[in-house]
Amino acid sequence: MKITNAKVIVSCPGRNFVTLKVMTDEGVFGLGDATLNGREKAVSICLEEHILPSLIGRDPANIEDIWHFFYKGAYWKRGGVNMAAISAVDTALWDIKGKVLGAPVYNLIGGRSRERIMVYAHVTGRDAEETAEQAKGAAAAGFRAVRIQSGIPGIDHTYGVPGGRAPYEPAEPGLPKEYFWDTSRYLNFIPKLFSRVRQACGDELHLLHDVHHRLTPIEAARLGRELEPFHPFWLEDPVSGELQEGLRLLRAHSTVPVAIGEVFNTMYDYTTLISEQLIDFIRLPPAHGGGITHALKTAAFASAYHIQTGYHGATDISPVGLAAALHCDLALNNFGIQEYMPHQEIVREVFSWNYEYRDGDMHLAERPGLGVEIDEAKAKKYLYRCASLPVNRKMDGTLHYW
Ligand code: CS2
Ligand code: MG
């Protein structure tokens with residue numbers, strides 16, 4: 001069997017997605033998600049100019065060898081753009097293998113380890129009261145885990161909290177907007193938010209919170225310690241993960257579980273974090289972390305240290321990327337939880353998929369390969385639109401982490 005052709009499909013049904021389609025001489029084709037929010041064109045050029053010419057002619061069965069050809073062969077290893085491109089190739093090859101063997105991908109990587117995949121929903125409100133109401137609503141709708149984000153008194157705009165009632169979409173039209181941030185107001189408010197939500201929802205609902213890299217290690221330690229009485233399921237990205245040793249400080253002062261890695265791109269970004277047991281959940285999803293092949297290795301490395309998966313699943317991961325994560329979620333013993341942020345309805349015009357949300361869990365139907373299709377004619381109708389993630393400044397204008 002040979003790869004005869006491959007193409008990159010850039011489409012914007014409500015938001016930008018980059019999808020790789022790899023075709024073979026036997027008519028079987030595979031899909032991979034190459035979306036890198038705000039850097040979509042960089043990945044599509046990387047694929048078209050630097051990767052696909054060397055992919056054509058290879059046997060799609062040899063996934064491991066092809067992975068190493070593009071990883072080691074690039075010389076410039078790692079990096080978000082290169083790894084998003086490799087991830088897409090790898091995912092498409094697993095899709096092809098599943099279709100050739102007539103098996104869902106999860107059956108090729110160990111089979112079902114569980115019946116269903118617990119997900120967490122995004123819950124946001126303009127203040128603690130509204131967030132608590134929304135969390136109650138999500139629990140009533142069946143969610144057993146919710147990520148709570150809220151407007152913060154004294155800060156005009158808070159990440160992930162939409163202005164109106166429309167669902168939040170990461171990336172806004174045009175160039176990056178600039179928002180303002182105040183750590184001290186944030187730190188004073190978040191324990192109150194948790195207290196209010198616990199009061200409204202009781203003890204059983206799992207509560208998660210995304211700090212979005214904005215604290216220093218000692219600030220994160222304070223937050224972790226103050227949130228302990230509300231037993232969060234996790235604190236996400238409390239500190240920017242480039243400083244892996246920084247997490248030691250948080251660990252020394254708090255038992256709050258920590259999730260890190262949605263902006264990472266290989267297992268090597270995790271070496272200190274995992275080997276010193278400084279975190280509890282890995283967030284790097286197959287779509288950005290070297291595809292299914294490298295996700296399995298990262299998860300195996302984590303499992304030796306009792307660390308679980310909690311893959312990034314915001315809407316900038318396409319249905320193809322989310323399906324790749326769900327196959328791993330079903331198969332991996334050290335699965336923890338999966339982020340679930342439903343795509344806009346319009347996305348269904350371009351993609352169809354085999355997963356379904358029911359009662360707090362995701363369920364995967366038994367279909368060969370990944371189980372996701374793309375309608376290329378429809379995809380062409382939605383042209384790429386420039387959209388960006390915002391940037392974040394402290395009140396005095398200093399550029400801060402976003
Ligand atoms: C967030 C995302 O889902 C999350 O945890 O951090 O909204 C993230 O900011 C975007 O996916 C970035 O592309
Ligand atoms: Mg996050």
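M267 counts as buried, at 14% relative accessibility; buried means under 20% relative accessible area, exposed over 50%, and partly exposed in between, with a 1.4 Å probe and protein chains only. I start with that residue, then go on to the salt bridges.

Before that, the conventions. This is a predicted model, so local features need pLDDT of at least 70 and side-chain atom pairs count only at pLDDT 80 or more, while totals for chains, interfaces and linings use all residues. Residues are numbered from 1 along each chain as its sequence is written, chains are lettered from A and ligands numbered from 1 in the order in which they are written, and side-chain values use heavy atoms, with hydrogens and water left out.

Back to M267. The residue sits in the loop between β10 (258-260) and α9; helices (H or I, at least four residues) and strands (E, at least two) are DSSP runs, numbered from the N terminus. What does M267 contact, leaving aside its neighbours within four places in sequence? The partners are H294, K297, T298 and F301, where contact means heavy atoms within 4.5 Å. From M267 to R78 the C-alpha separation is 9.9 Å, and the two are 189 residues apart along the chain.

Now the salt bridges. The rule is a side-chain nitrogen of Lys or Arg within 4 Å of a carboxyl oxygen of Asp or Glu. By this rule the count is 23.

One of them joins R15 and E169, with 2.6 Å from N to O. R15 is in the loop between β1 (3-11) and β2 (17-24), and E169 is in the loop between β5 (145-150) and β6 (172-173), so this pair links distant parts of the chain, 154 residues apart. Are these two residues buried or exposed? Both R15 and E169 are buried.

Another is R248 with E276, where the closest N and O atoms are 2.7 Å apart. Because R248 lies in helix α8 (residues 247-253) and E276 in the loop between α9 (271-275) and β11 (281-282), the pair ties together parts that are 28 residues apart in sequence. R248 is partly exposed, with a relative accessible area of 40%, and E276 is also partly exposed, at 36%.

D375 and K378 form a salt bridge as well, at 3.7 Å from N to O. D375 has a relative accessible area of 29% and is partly exposed; K378, at 32%, counts as partly exposed too. Elsewhere, E236, E262, R283 and E339 are joined into one network by salt bridges that share partners.
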